[in-house]
Amino acid sequence: MKVVLFCGGYGLRMRSGASDDMPKPMAMVGPRPLIWHVMRYYAYFGHTEFILCLGYGAHHIKNFFLNYEETTSNDFVLRGGRTELLSTDIADWTITFAQTGVESPIGERLRRVRHHLDGDEMFLANYADVLTDAPLPEMIDSFARRDAGASMLVVPPQSSFHCVDLGEEGLVGGITAVSELPLWENGGYFVLRQEVFDHIPENGDLVADGCAQLAKRGRLVAHQHRGFWKPTDTVKERAALDAAYARGDRPWAVWEQGGAGANTGVRTA
């Protein structure tokens, strides 16, 4: 099944200064950028055909893969001055690099790569900046059995703030952590059918337009996940993930944990 990754945004809250033109998916977590971690997640479950929706800072992403160093994350033997890899990350990956505009909304980026999907009924999509250990095969299987146009991963609110219940004259009736409210937020991992394109106008958005219209028609489903899920919208969040990686606390790295892996996934050509 093809995986569309949206990796062309500015990532303003991740940038360290005016001279920093690095797109957010290229922010480092351990020895590899965010986009690599997301792609390894999908590849572990057997989905190795990627379509990268490029925009701002596209040359950084292109250069990373064009000059990819397998020895950074794989064991190898140096014999006679030549490198012999004992394993490989991306040898079986197919990556399409598509320029989708610097200012394009997510929905428009998706529209511009539709022809790369080859008419596949179902495909995957992701913001390329969120890490999770969500059970992807379960999410795909559940959606495949449903008569719906899209599925999105949803997670409990991540805010550490509290909501205050106010009564008359400003009397506080109760305080509740946002994370304890009966609410769910978009987790950024999607399983989509071609139907979604019917609801995304030119320069439209995937969620505000496409998913919202499907929801009105009873054609959008959600996959609830209470496990590991971490965004990287800010430098602080990226640094926290980097620190977790350094101490070996990386639940999103399902490829390091063994198990059935791709054998449990749904592989769709």
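How many aromatic pairs does the structure hold? It holds 15, where rings of Phe, Tyr and Trp (its six-membered ring) pair if their centres lie within 6.5 Å. The model is predicted: local features need pLDDT of at least 70 and side-chain atom pairs count only at pLDDT 80 or more, while totals for chains, interfaces and linings use all residues. Residues are numbered from 1 along each chain as its sequence is written, and side-chain values use heavy atoms, with hydrogens and water left out.

**View 1. The open sheet of seven strands.** The strand order is E7-E4-E1-E8-E13-E10-E14, with mixed pairing. Strand E7 (94-99) and strand E14 (220-224) each have a single partner strand, so one side of each edge strand lacks a neighbour in the sheet. On average, neighbouring strands are turned by 25° against each other, direction ignored. Strands (E, at least two residues) and helices (H or I, at least four) are DSSP runs numbered from the N terminus, and two strands pair if DSSP finds at least two bridges between them. Axes are lines fitted to C-alpha atoms, for helices over the stretch in contact, and angles run from 0 to 180 degrees between N-to-C directions.

View 2. Five of the five residues of E8 are buried, buried being under 20% relative accessible area, exposed over 50% and partly exposed in between (1.4 Å probe, protein chains only). Met122, Leu124 and Asn126 lie on one side, Phe123 and Ala125 on the other. E8 pairs with E1 in the parallel sense over three bridges, and valine 4 stands opposite alanine 125. With E13 the pairing of E8 is antiparallel over five bridges; here leucine 124 has valine 191 as its bridge partner.

**View 3. Strand E10 between E13 and E14.** Strand E10 (residues 150-155) pairs with strand E13 (residues 185-193) in the antiparallel sense over five bridges, and methionine 152 stands opposite phenylalanine 190. E10 and E14 run parallel and are joined by five bridges, with valine 154 opposite glutamine 224.

View 4. Helix H1 (residues 34-44) lies across E1, E4, E7, E8 and E13, at about 165° to E1. Tyr41, Tyr42, Tyr44, Phe45 and Tyr189 form one aromatic cluster. The ring centres of tyrosine 41 and tyrosine 189 are 5.6 Å apart and the planes stand at 80°, so this pair is edge-to-face (planes over 60 degrees apart; under 30 counts as stacked, the rest as tilted). Tyrosine 41 in H1 and tyrosine 189 in E13 are 148 residues apart in the chain, and both are buried.

**View 5. Helix H5 and its buried face.** Leu206, Gly210, Cys211 and Leu214 are the buried residues of helix H5 (residues 206-216). Seen down the axis, they fall within an arc of 80°, so they line one face of the helix; the arc is that of the directions from the helix axis to the C-beta atoms. They pack against E1, helix H3 (106-112), E10, E13 and E14, contact meaning heavy atoms within 4.5 Å. The face turned away from the buried side carries the exposed residues Ala208 and Lys216.

**View 6. Two arginines over aromatic rings.** The charged end of arginine 193 sits over the ring of phenylalanine 143, 4.4 Å from its centre. Arginine 250 lies over the face of tyrosine 245, at 3.9 Å from the ring centre. A charge sits over a ring if NZ of Lys or CZ of Arg is within 6 Å of the ring centre and within 35 degrees of the ring normal.
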